[in-house]
Amino acid sequence: MAQAVEELVSRARGGDADAFAELIGRYERSALAVAYGLLSDGHRAGDAVQEAFLKAWQELPRLAEPAKFGGWLLQIVRHAAVDIRRRKKSTLAADFPDLPANVPAVDAGLEEEETSNRVRAALERLDEVTRTMVTLRYYEGLSSKEIGEALEVSPASVDMRLSRARNQLKEWLGEAAPEGVKRC
Amino acid sequence: MLNVEEKLGTLEGPERAVAQALAKALEPQRGRAGAAFLAAVREGRAEQVSAAIALTRATKHGDREGHLSAREQRRAMWLWGGLPTALAACVAVAVGLEAFLGQPGGLRHGSRVVNAAPAAMEENVWTRNVDSGVVPGDAGPLRVLRQQVVRQRRWVDPRDGAVYTVTEPGEQVNYQAVKPF
């Protein structure tokens, strides 16, 4: 039976690393979503989340209310993401996976890769808050209420932003694709 | 089927493309934080702050990290910064009130005679006559003679050996009629 978050946090505050590892497993996706919302880069989001969880472990005794662990953690994730953004310059090339030069490109694989790149480029055009909400919805599958609790905004605001983002993404992803690539 | 579709149902069109792109970007990052944390714990690089020195106060308006909110930090700053000032002001008011209470004219004065006359006093007087020239007068020319005097008294307080010096400069101007040729 899954333990309650409060119990895991209380154990972790006492130095139980396994309890904290369990918390990492539960909150990692949300943390990655929030970090990605700020950084638009999967690798750097992973770096931010890694730093954030370590910091959260170190600062855990300062958390007075275990029930607020989720929001508290995401705050740390945001700070870590901002720090990383300040430290490193964003390079678009980091988003592209390395491909061996002698592997012939398969049309389907190339098309899928191009689609992913276009989607990432479209997501980058969103503002940080909206992008974070989109990521929490379409990566973590959170409801508007859960997204609102994580980001401290009302569910209505979440719905409004997501609706606007959907329309924008449809418009951008429906723009002319580069020659030789089919539209999705 | 994407993992997120278990929660959101089947996605289509741009929504599915977004979900796929996000999964592609972020799924490879899963597990990194957990592995890094456990490695840090094993290597002794992950120590928690001492609960005894953690100063945390959760309030309705506190920030999510459990630290004092910006409002409470400002409040604490005003309290601890203003408290000494307020105390000093209270002391000043109390001293001022004590000085003015019950005294006609508002100023308390206290004195006592500690010694009727100093044991010994030295007095020096310097006198100088200066001819300042002739000026026209109503009845004829007048010579201006200035007598400048400096009187200095010095005495020693036998109680503590302090030397007191009082210097009094003075000038007296005299006019002397000049007989013309």
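Which domains of chain A give residues to the lining of the largest pocket? Both domain 1 (5-87) and domain 2 (107-173) of chain A do, so the largest pocket lies between them. The domain bounds come from an automatic or database domain assignment.

The model is predicted: local features need pLDDT of at least 70, side-chain atom pairs count only at pLDDT 80 or more, and totals for chains, interfaces and linings use all residues. Residues are numbered from 1 along each chain as its sequence is written, chains are lettered from A and ligands numbered from 1 in the order in which they are written, and side-chain values use heavy atoms, with hydrogens and water left out.

The largest pocket has a volume of about 440 Å³. Its lining comprises 19 residues, and those closest to its centre are A:Tyr27, A:Gly70, A:Glu146, A:Glu149 and A:Ala150. On a 1 Å grid over the protein atoms alone, a pocket is an open set of points with protein on both sides within 12 Å along at least five of seven lines; a cavity is a set where a 1.4 Å probe fits but cannot get out; lining residues have an atom within 4 Å of a point. Helix 1 (5-13), helix 2 (17-39), helix 4 and helix 7 (144-151) of chain A each supply at least two lining residues. Helix 4 of chain A gives the most, with four. Helices (H or I, at least four residues) and strands (E, at least two) are DSSP runs, numbered from the N terminus. By class, the pocket lining has seven nonpolar, four polar and eight charged residues.

The structure also holds one cavity of 30 Å³ or more. The largest cavity contains about 70 Å³ of space. Both chains line this cavity: among its residues are A:Val134, A:Tyr138, A:Leu162, B:Pro14 and B:Val18. Helix 8 of chain A gives the most to the lining, with five residues.

A:Lys68 sits in the loop between helix 3 (42-59) and helix 4 (69-87) of chain A.

Chain B has an open sheet of three strands in the order 1-2-3, with antiparallel pairing. Strand 1 (121-136) and strand 3 (163-177) of chain B are the edge strands, each pairing on one side only. Two strands pair if DSSP finds at least two bridges between them. Strand 2 (residues 141-156) and strand 3 of chain B pair over 15 bridges.

Definitions and conventions:
Points joined across faces, edges and corners; volume = space filled by probe spheres on them. Nonpolar A, V, L, I, M, F, W, Y, C, P; charged D, E, K, R; others polar.
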